[in-house]
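Visitor: I'm new to reading protein models. Could you walk me through this one?
Guide: Gladly! Let's look at it together.
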Amino acid sequence: MIRRFLQALSFGALLVAQHVSVSAQATKATEPAAAASAPALSNAPVSTAAVAPAAAPASLDSRIQDLKGDVIRLNRDLLVLEEELLFPANTQVALFVSMDVGKLFELDSVQIKLDDKVVTNYLYTPLEVQALHRGGVQRVYLGNLRAGTHEIVAFFTGKGPHERDYKRGATIKFDKGTDPKYIELRIKDSTGKLQPEFDVKIWQ
């Protein structure tokens with residue numbers, strides 16, 4: 001019910017922006033026709049003092065851009081509101097994936113189980129892997145959990161040293177209270193062991 005209401009608000013805002021944009025294009029399209037149908041001016045001299053300055057043509061474009069910006073901000077606020085309503089702080093849990101260096105492991109996919117239930121299976125593209133190499137952090141799951149003790153099991157699949165198929169897992173148990181819980185699944189290079197390592201960090 002809440003999701004449908006938020007989607008309706010967002011869709012309505014987009015329709016307003018599209019309507020204004022189409023109206024502006026129609027106005028611009030009719031300007032040449034109106035100019036062509038106007039009567040020709042005589043050769044009589046015209047006093048420049050009596051001619052009003054023309055309105056700046058960029059004003060309409062500026063208004064359209066401002067409206068588009070308002071729609072973008074509205075959609076952002078609606079997304080934040082949706083998350084707050086669907087995932088309240090007292091039950092919210094979010095899982096993230098990050099990669100430190102990552103030269104010893106080329107990530108292909110990740111599977112995450114929460115309390116022995118698969119909550120996400122994600123297959124990575126080369127561009128997404130590059131973003132993780134550059135320090136990006138990806139949110140792979142957002143959900144609700146009741147207070148108590150829970151367990152996360154994450155399986156990472158990809159290419160390890162010497163281009164060999166590699167699959168490793170990381171497990172952690174944690175307590176969920178009344179505050180939101182943020183958990184980071186990290187892929188790191190172990191230069192001493194010359195192999196990737198996988199661990200889990202809980203943000204307080």
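Guide: One term to begin with: a residue is called buried when its relative accessible area is under 20%. By that cut-off, buried residues make up 28% of the 204 residues in this protein. Keep in mind that the model is predicted.

Visitor: What makes up the secondary structure of the protein?
Guide: There are three helices and eight strands.

Visitor: Why is Asp116 called exposed?
Guide: The word exposed applies over 50% relative accessible area. Asp116 has a value of 66%, so it counts as exposed.

Visitor: And why is Asp115 called partly exposed?
Guide: Partly exposed covers the range between the buried cut-off, under 20%, and the exposed one, over 50%. Asp115 comes out at 37%, therefore it belongs in that middle class.

Visitor: Where is Asp115 found?
Guide: Look at the loop between strand S2 (106-114) and strand S3 (117-123). Asp116 sits in the loop between S2 and S3 too.

Visitor: What is the phi of Asp115, and what is that of Asp116?
Guide: Asp115 has a positive phi, about 55 degrees, although it is not a glycine. For Asp116, also not a glycine, phi is positive at about 65 degrees.

Visitor: How do you know which residues in the protein are in contact?
Guide: Two residues count as touching if heavy atoms lie within 4.5 Å. Taking contacts between residues at least 6 apart in sequence, 68% join residues at least 24 apart.

Visitor: How much accessible surface does the protein have?
Guide: About 13700 Å², and 57% of that belongs to carbon and sulfur atoms.

Notes: Residues numbered from 1 in each chain as written. Predicted model: local features only at pLDDT ≥ 70, side-chain atom pairs only at ≥ 80, totals over all residues. Heavy atoms only, no water. Helix = DSSP H or I, 4+ residues; strand = E, 2+ residues; numbered from the N terminus. Buried < 20%, exposed > 50% of the residue type's maximum accessible area, 1.4 Å probe, protein only. Areas by Shrake-Rupley, 256 points an atom, 1.4 Å probe, with all protein chains shown as cover.
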